[in-house]
Amino acid sequence: MGAGFSVSSRRMTARRFLFFGLVASTILALVSALTYVFASDGLRAIEIAMIVVFALNTPWMVIGFWNAVIGFSLLHFNRAWLRSVTGLAGLEDETSAISSRTAIVMPVHNESPDLVVGNLKAVTDSLDATGHSDTFDIFLLSDTTDPDIAQREQALFEAWRDGNDRPDRLHYRRRTDNAGQKVGNIEDFCKRWGDGFDFMIVLDADSVMSGPAILRLVRLMQHNPALGILQTLVTGMPASSAFARMFQFGMRHGMRTYTTGGAWWQGPDGPYWGHNAILRLQAFRRNCALPTLPGARPLGGEILSHDQVEAVFMRRGGYEVRVLPLEDGSYEENPTTLPDFLTRDLRWCQGNMQYLKLLRHPSLIRGVRLMGRLQLLLAIMMYTGAPLWYAFMGLGLADLSLAAGSSGGTGPAIEAPGFGLALFATVMGMTFAPKLFGILDMALRRSGRRTYGGGLRIAAGTVLETLFSLLLSPVIALAQTVFVFGLFFGKRIRWDAQERDDRRVTLREALSGLWQQTILGAVFLAVLSMVAPHILPWAAPVIAGLLLSVPFAVVTATPFLGRLFRRLGVCAVPEENLVPEVLRDVQVTVSQPALIRPAAATVRPLADPERA
């Protein structure tokens with residue numbers, strides 16, 4: 001539908017050669033630097049093991065670094081950065097007719113009925129306000145098994161439907177067996193209603209999208225018939241929990257540069273995050289059926305982290321998968337406490353580690369492109385980094401202990417203290433580069449400074465979030481390490497509904513979930529104090545994060561701290577300072593659920609699969 005800029009295959013290949021050349025040369029330089037530090041007094045077996053572990057762990061960090069560098073450069077030195085990154089036609093189109101039919105679907109399982117119906121209502125109202133909602137239908141696809149939740153879910157939806165001017169577009173369907181979990185839920189929708197729609201927009205229970213953002217996605221799909229999946233940049237909603245505020249403040253300003261840089265070299269082989277995205281429905285039905293993995297759970301059986309597999313299968317079918325790196329009316333909620341964050345993170349860990357089975361069985365991914373296999377590998381690397389990081393530290397601690405017990409008695413970095421310190425600073429800088437470039441991006445834009453509340457609040461939020469990240473990182477990494485090893489011995493986590501509301505974390509709950517972090521922190525402190533006290537300043541962030549994990553979990557969940565942060569505007573996101581209409585609707589609906597009439601005595605069938 002109209003000509004537009006397109007990134008040629010040759011140009012995309014050149015970008016990828018450049019990117020991987022930068023990545024490879026950086027990894028080589030870092031590994032060579034570490035080898036130099038260790039080799040100054042002769043390489044021992046334990047130091048060779050540390051070099052190998054470091055080399056295995058470095059690619060994820062280096063890729064993130066270059067994503068941020070490239071993304072920042074594009075955003076600030078290329079006026080046509082969006083067209084250059086996406087290669088999509090129709091990026092400026094805000095007026096063309098919506099000629100296709102789109103289903104907006106929200107699959108849920110034992111979620112808060114007030115939350116899911118409230119979010120769907122806010123999305124629908126925002127879409128109605130555009131005046132272009134005639135070609136959209138809304139589906140609440142329930143797999144709820146709790147009878148009390150199901151009753152209220154049905155009643156709230158029915159009440160909303162009764163009070164809506166166009167009730168025939170609002171559909172509720174409840175399965176009772178939950179076969180295939182979310183994948184099975186979507187598959188059931190595709191079988192029953194898929195013939196009636198061109199596109200499908202998938203939302204999670206905590207997802208919200210504005211009407212203009214939805215129209216933008218549909219128009220881009222109409223302009224680009226080769227586009228199979230278009231993923232939006234999902235940003236966090238304003239939060240009242242101190243934990244959520246600090247977490248999403250750091251995520252928010254780093255996402256734009258990181259995602260833009262990644263999209264530049266990934267091009268049509270981009271990621272899909274499972275929600276807040278639009279899919280070409282018939283292409284999805286033809287190409288994205290998932291295999292069952294061989295072996296028993298947790299690594300075998302149904303694929304849990306389905307989204308990235310569906311993306312590589314869509315690309316295998318000849319369709320493009322792209323990310324639209326705009327902060328453009330696409331939102332989600334973030335976990336409000338450390339225990340809830342860890343629960344969600346370990347769910348994703350279990351799902352991503354299943355990709356090992358996919359890569360080990362070529363017949364399951366026959367025809368998948370090299371970039372698709374790389375995307376699966378990158379998803380695995382998200383969670384192998386933590387065990388490698390702790391392996392490196394454990395080997396280093398053992399090396400220091402052996403050195404202290406010998407006549408030489410010095411650790412390896414002390415032989416080249418200046419060079420070792422420079423290497424340490426370089427690695428830390430590269431690790432935090434996406435955040436640092438995100439802060440710089442925000443500070444250089446006048447609109448960015450204004451929407452975040454001004455320079456003073458940005459500075460205060462940056463200091464707090466940096467301290468937060470330093471304390472949080474070793475806690476998460478140990479949880480991932482223990483869980484990854486447990487997966488190979490049958491340990492798994494239940495994929496239940498997430499805890500999404502603000503709540504307190506008791507000392508007992510924190511201790512029960514974080515005792516391993518506390519003990520390991522005490523061990524690190526004791527051993528280093530005895531064998532290498534001069535290393536303590538370098539290890540302080542790790543030791544402090546582990547030792548303080550229990551009070552950290554309790555304090556960051558206290559309502560008082562959250563209220564104080566909100567009152568002072570600390571770690572505020574732009575939508576808190578200027579609330580979009582769609583989020584105002586969410587806040588009103590959730591805080592005043594009576595706006596949706598409560599439970600009805602009977603619930604009639606709402607979804608008619610035969611309706612065109």
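Me: Buried means under 20% relative accessible area. This model is predicted. Why does arginine 245 count as buried?
Reply: Its relative accessibility is 1%. The cut-off is under 20%. So arginine 245 counts as buried. Arginine 245 sits in helix H8, residues 242–266. Beyond its neighbours within four places in sequence, arginine 245 is in contact with Ala239, Ser240 and Gly562, among others. Cys571 is also one of its contacts.

Me: Why does cysteine 571 count as buried?
Reply: Its relative accessibility is 2%. Buried means under 20%, so cysteine 571 counts as buried. Cysteine 571 lies in the loop between helix H21 (559–568) and helix H22 (574–577). Cysteine 571 has a positive phi of about 55 degrees, although it is not a glycine.

Me: Why does glutamine 181 count as partly exposed?
Reply: Glutamine 181 has 23% relative accessibility, so it counts as partly exposed. Glutamine 181 belongs to helix H6, residues 181–193. Its phi is positive too, about 50 degrees, and it is not a glycine.

Me: Why is leucine 43 called partly exposed?
Reply: Leucine 43 has a relative accessible area of 42%. Exposed needs over 50%, and buried needs under 20%. So leucine 43 is partly exposed. Leucine 43 is in the loop between helix H1 (9–39) and helix H2 (45–77).

Me: What makes a nonpolar patch on the surface with Leu43?
Reply: Leu43, Ile48, Val52 and Leu56 form the patch. Together they have about 360 Å² of accessible area. Patch residues need over 30% relative accessible area. Leucine 43, at 42%, passes that cut-off.

Me: What makes arginine 175 and aspartate 143 a salt bridge?
Reply: The closest N and O atoms of the pair are 2.6 Å apart. The cut-off is within 4 Å. The pair links distant parts of the chain, 32 residues apart. Arginine 175 counts as buried at 11% relative accessibility. Aspartate 143 is buried at 2%.

Me: Why does the pair of lysine 435 and glutamate 465 tie together parts that are apart in sequence?
Reply: Lysine 435 lies in helix H15 and glutamate 465 in helix H17, so the pair ties together parts 30 residues apart in sequence. Their side chains meet at 2.8 Å, N to O. A salt bridge needs within 4 Å. Lysine 435 is partly exposed at 23% relative accessibility, whereas glutamate 465 is buried at 2%.

Me: Why is H4 called largely enclosed by the rest of the structure?
Reply: 12 of the 17 residues of H4 are buried, so the helix is largely enclosed. Among them are Pro113, Leu115 and Val116.

Me: How do you know that the span of helix H4 agrees with 1.5 Å a residue?
Reply: Its 17 residues should span 24 Å, and its end C-alpha atoms are 24 Å apart. The two values agree.

Me: What are the end C-alpha atoms of helix H19 short of?
Reply: A straight helix would reach 16 Å at 1.5 Å a residue. H19 has 12 residues, but its end C-alpha atoms are only 14 Å apart.

Me: Which residues of H19 are buried?
Reply: Ala539, Val542, Ile543, Gly545 and Leu546 are buried. They cover an arc of only 160 degrees around the axis, which puts them on the same side of H19. These buried residues pack against helices H13, H17, H18 and H20.

Methods. Residues numbered from 1 in each chain as written. Predicted model: local features only at pLDDT ≥ 70, side-chain atom pairs only at ≥ 80, totals over all residues. Heavy atoms only, no water. Patch = residues over 30% accessible without salt bridge, like charges linked within 9 Å, V, L, I, M, F, W, Y side chains within 5 Å. Areas by Shrake-Rupley, 256 points an atom, 1.4 Å probe, with all protein chains shown as cover. Helix = DSSP H or I, 4+ residues; strand = E, 2+ residues; numbered from the N terminus. Buried < 20%, exposed > 50% of the residue type's maximum accessible area, 1.4 Å probe, protein only. Expected span 1.5 Å × (residues − 1). Arc of directions from axis to C-beta. Contact = heavy atoms within 4.5 Å.
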